[in-house]
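Visitor: I am new to this structure and would like to learn how to read it. Please take me through it feature by feature.

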Amino acid sequence: MELKMSASYDATPEEVFAIVTDTAFREQACEKTKALSYDVKVSTSGADTVVRVSRRMEAVDIPDMAKKFVGDTLTLVQTETWHAPAADGSRTADVAGEISNTPVTLKGTARIAADGAQTVQAIDLEVKVAVPLIGKKMEPMVVDAIRSGLQKEYDLGHEWSGK
């Protein structure tokens with residue numbers, strides 16, 4: 001199931017990139033999403049900047065049909081590989097993730113680009129729940145949970161950008 005979201009900031013692409021690759025920002029985002037524990041790593045690989053976030057969350061509002069897959073907690077691991085800036089300052093990232101020990105995966109791209117006087121941060125993900133018969137029924141619930149977390153992260157990004 002596809003998930004597309006975006007947020008606009010009164011900041012430059014370079015400033016938004018600095019925020020989303022800041023370890024302290026990602027740790028605060030984990031706290032905003034009520035992670036029970038988390039691990040944030042930001043590293044470089046050649047010209048790429050790699051952000052890896054692992055967060056253990058309480059499994060709340062999980063339908064009974066999904067409880068047997070996740071138990072009382074779930075661990076979401078997400079990796080963003082941000083590539084060097086283009087000539088216009090825009091950046092793209094390959095995004096991959098999973099809910100550990102479940103059949104849930106996500107894959108897609110993120111982009112930071114100027115749009116007039118603002119900068120847009122956008123994400124385009126494909127979320128899959130690879131369970132015969134019920135996977136397609138579970139995907140909207142997973143997408144809603146991811147959307148909620150991303151919105152909290154975007155809101156925090158606005159706080160960090162000061163606008």
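Visitor: How many aromatic pairs does the structure hold?

Guide: Rings of Phe, Tyr and Trp (its six-membered ring) pair if their centres lie within 6.5 Å; planes under 30 degrees apart count as stacked, over 60 as edge-to-face and the rest as tilted. The structure holds 2 such pairs. One is formed by F17 and W82, which are edge-to-face, with 6.2 Å from centre to centre and 75° between the planes. F17 lies in helix α1 and W82 in strand β4, so this pair ties together parts 65 residues apart in sequence.

Visitor: What should I know about the model and its numbering before going on?

Guide: This is a predicted model, in which local features need pLDDT of at least 70 and side-chain atom pairs count only at pLDDT 80 or more, while totals for chains, interfaces and linings use all residues. Residues are numbered from 1 along each chain as its sequence is written, and side-chain values use heavy atoms, with hydrogens and water left out. Helices (H or I, at least four residues) and strands (E, at least two) are DSSP runs, numbered from the N terminus.

Visitor: Is F17 buried or exposed?

Guide: Buried means under 20% relative accessible area, exposed over 50%, and partly exposed in between (1.4 Å probe, protein chains only). F17 is buried, with a relative accessible area of 11%. W82 is buried as well, at 1%.

Visitor: Which other rings form a pair?

Guide: The ring centres of F25 and W160 are 5.5 Å apart and the planes stand at 80°, so this pair is edge-to-face. F25 is in helix α2 and W160 in helix α4, 135 residues apart, and the pair links these distant parts of the chain. F25 counts as buried at 2% relative accessibility, whereas W160 is partly exposed at 32%.

Visitor: Which residues of helix α2 are buried?

Guide: Helix α2 spans residues 23–32, and its buried residues are F25, R26, A29 and C30. They cover an arc of only 140° around the axis (taken from the directions from the helix axis to the C-beta atoms), which puts them on the same side of α2. For packing, contact means heavy atoms within 4.5 Å. The buried residues of α2 pack against α1 (13–20), β2 (37–45), β3 (48–58), β4 (73–82) and α4 (135–161).

Visitor: What caps the N-terminal end of α2?

Guide: A polar contact is a pair of N or O atoms within 3.5 Å; within protein, one must be able to donate a hydrogen and the other to accept it, and residues adjacent in sequence count only if both atoms are side-chain atoms. D22 is the cap, with a side-chain oxygen 2.8 Å from the backbone nitrogen of A24. After α2 comes K34, whose phi is positive, near 60°.

Visitor: What is the order of the strands in the sheet?

Guide: Strands of a sheet pair through backbone hydrogen bonds, either parallel or antiparallel. Two strands count as paired if DSSP finds at least two bridges between them. Here an open sheet of 7 strands has the order β1-β7-β6-β5-β4-β3-β2, with antiparallel pairing. Its edge strands are β1 (2–9) and β2, each pairing on one side only.

Visitor: How many bridges join β2 to β3?

Guide: These antiparallel strands are joined by 9 bridges. T44 has T49 in β3 as its bridge partner. The hairpin of β2 and β3 has 2 residues between the strands, and G46 takes a positive phi near 65° there. β3 also pairs with β4 in the antiparallel sense, over 10 bridges.

Visitor: Where is T79, and what does T79 touch?

Guide: T79 is in strand β4, and R52 stands opposite T79. T79 is partly exposed, with a relative accessible area of 23%. Not counting residues up to four places away in sequence, T79 touches V50, V51, R52, D94, V95 and A96.

Visitor: What does S161 contact?

Guide: S161 lies in helix α4 and counts as buried at 10% relative accessibility. Leaving aside neighbours within four places in sequence, S161 is in contact with Y9, A11 and I19. A polar atom of the S161 side chain lies 3.1 Å from the backbone oxygen of H158.
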